[in-house]
Amino acid sequence: MISSTLGVWNYWIVFFLMMIGLFLVIGRKNLLKKIVGLTIFQTSVFLLYITFGKIQGGTPPILNNINETVYSNPLPHVLILTAIVVGVATTALGLSLVLRINSEYGSIEEEDISAQDLVDYHELIETSKKISVRFKK
Amino acid sequence: MTDIIINNLPILVVLTPLMMSLIVVLISNNFLSWLLTLFTTLITFIFSLLLYQEVYLHSSISYALGSWVPPIGIEYLIDKVSIIPIIIISLISFLATFFASKIMPAEINNSSISKVYSLWLLAIAGLIGLVTTGDAFNLFVFLEISSLASVALVAMGGQKDKQALVAAYNYLILGAIGATFYVIGVGLLYGITGTLNLADLSDRIAEISDNKALIAGFGFMVIGIMVKAAVFPLHIWLPRAYAYAPSAVSVLLAATATKASLYILARILFSVFDISDNLITYTLNILFCLYQY
């Protein structure tokens, strides 16, 4: 029982990282820390793919004259190469959005941003009330 | 010449907007970039109509990308169901582009309009590719192309209203989580079946009856696509993203983006997993019966 549970320790690492990443995305209020969490979450998926592409004692898939060679599956590695590129693009776009938010709001804390939005909303209501009063006169 | 075009139609509908987006970004003149975008979307629409004619003749087209034979290579599969979303997306993108010329300068700075059109074409290419492809991982790539392009398009509303930036950020985070969930699901299914082709996948899944990894993979895939399609409990990013985006972008995205994802959801549920006579429908039926009494 114990050996069958702990024997797949690489999957434990995968799901440990996955849960850490998801928790950071959901639990943190800082926009930058959310992106850090997202990156950890995506990295766990890379590890998941690499894990079941690897066979114990497997070599790189290059043809040789020995018949009993065991090859690792190269396809998951190629897929993850694509997924890494996509992950980098997501991170870059997220970081540039955080920069723009910081220059507009002066903060990257979620609470500050929603507080400022609320203030803007109430100011909008006040001005629209004033305008409608002016029109009635 | 016409033979080459007819034979390669399934990839041409995707490649035309994808390649033209690279050209449009280089043009600094706003009117010229709009004209080129309009021309590209018109060509895409004509290609999709020609594709409809082909599908009507042959009932379904399987296109092997790069001549690699389907179960191993990437397959583009177009049948009588998937041609309808392609025509809808290309027609709506043409109409949205046609009317964008007046709305766009009112909301977006002059210097960034041609870049917006480039992202616009990129999003269209991603959405058409999403519907066309028959490969599970290629589908993920198109999902990310379309969603990253639409996030950038939504963020363009930030030049007028700063709340668009926060809306785009939420869209990005939730969209990335959804796509990653989908990749986890595809990975688990690939671990069991050893194939990425959707048609092949459904054949091999039918042979496996009860496997916990299969159920987990199904859950991850469906939840991931449901985030993208903004199905009810996972829709939280959608209202703000569409409200604060530039008007022309809202027109394009509201009419196409979530609908392509909905088509993918239906395809995964009914053609890959075939839930029509399965445990899930069975449970749902029981729940409905309980609800009625």
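## Model and confidence

This is a predicted model, in which local features need pLDDT of at least 70, side-chain atom pairs count only at pLDDT 80 or more, and totals for chains, interfaces and linings use all residues. Residues are numbered from 1 along each chain as its sequence is written, while chains are lettered from A and ligands numbered from 1 in the order in which they are written.

The model scores ipTM 0.88 and pTM 0.89. Confidence per residue is given as pLDDT, the predictor's own value from 0 to 100. Chain A has a mean pLDDT of 86, with 95% of its residues at 70 or more. For chain B the mean is 87, and 94% of its residues reach 70 or more. Within chain A, confidence is lowest in helix α1 (residues 2-6), at a mean of 69. It is highest in α4(A), at 92. Helices here are DSSP runs (H or I, at least four residues), numbered from the N terminus; strands are E runs of at least two.

## The interface between chains A and B

Contact means that the C-beta atoms of two residues, placed from the backbone, lie within 7 Å. By that rule, 25 residues of chain A touch 23 residues of chain B. On the chain A side, the elements giving two or more residues are α3 (31-53), α4 (75-105) and α5 (110-136). The most come from α4(A), with 13 residues. By class, the chain A side has 17 nonpolar, four polar and four charged residues. Nonpolar covers Ala, Val, Leu, Ile, Met, Phe, Trp, Tyr, Cys and Pro; charged covers Asp, Glu, Lys and Arg; the others, Gly among them, are polar.

## α4(A) against α7(B)

The axes of α4(A) and α7(B) come within 9 Å and cross at roughly 160 degrees. Axes are lines fitted to C-alpha atoms, for helices over the stretch in contact, and angles run from 0 to 180 degrees between N-to-C directions. The two helices are therefore roughly antiparallel. The cut-offs are: under 35 degrees roughly parallel, over 145 roughly antiparallel, 65 to 115 roughly perpendicular, and the rest oblique.

The crossing of α4(A) and α7(B) is left-handed; that is, the near helix is turned anticlockwise from the far one by less than a right angle, whereas clockwise would be right-handed. Residues of α4(A) in this contact include Leu93(A), Leu97(A), Arg100(A) and Glu104(A). Those of α7(B) include Leu165(B), Tyr169(B) and Leu172(B). The contact divides into 11 nonpolar, two polar and two charged residues.

## Packing inside chain B

Helix α7 (residues 163-193) of chain B also packs within its own chain. Its axis and that of α9(B) (residues 212-229) come within 7 Å and cross at roughly 155 degrees. The pair is therefore roughly antiparallel. The crossing of α7(B) and α9(B) is left-handed. Their contact has 19 nonpolar, six polar and one charged residues.

The axes of α3(B) (residues 30-58) and α5(B) (residues 113-132) come within 9 Å and cross at roughly 15 degrees. That makes α3(B) roughly parallel to α5(B). This crossing too is left-handed. Among the residues that meet are Trp34(B) and Thr37(B) of α3(B), and Tyr117(B) and Trp120(B) of α5(B). The contact of α3(B) with α5(B) holds six nonpolar, six polar and no charged residues.

## Domains of chain A

The assignment, automatic or from a database, gives chain A domain 1 (2-106) and domain 2 (110-137). Taken over C-alpha atoms, 45 Å separate the centres of domain 1 and domain 2 of chain A.
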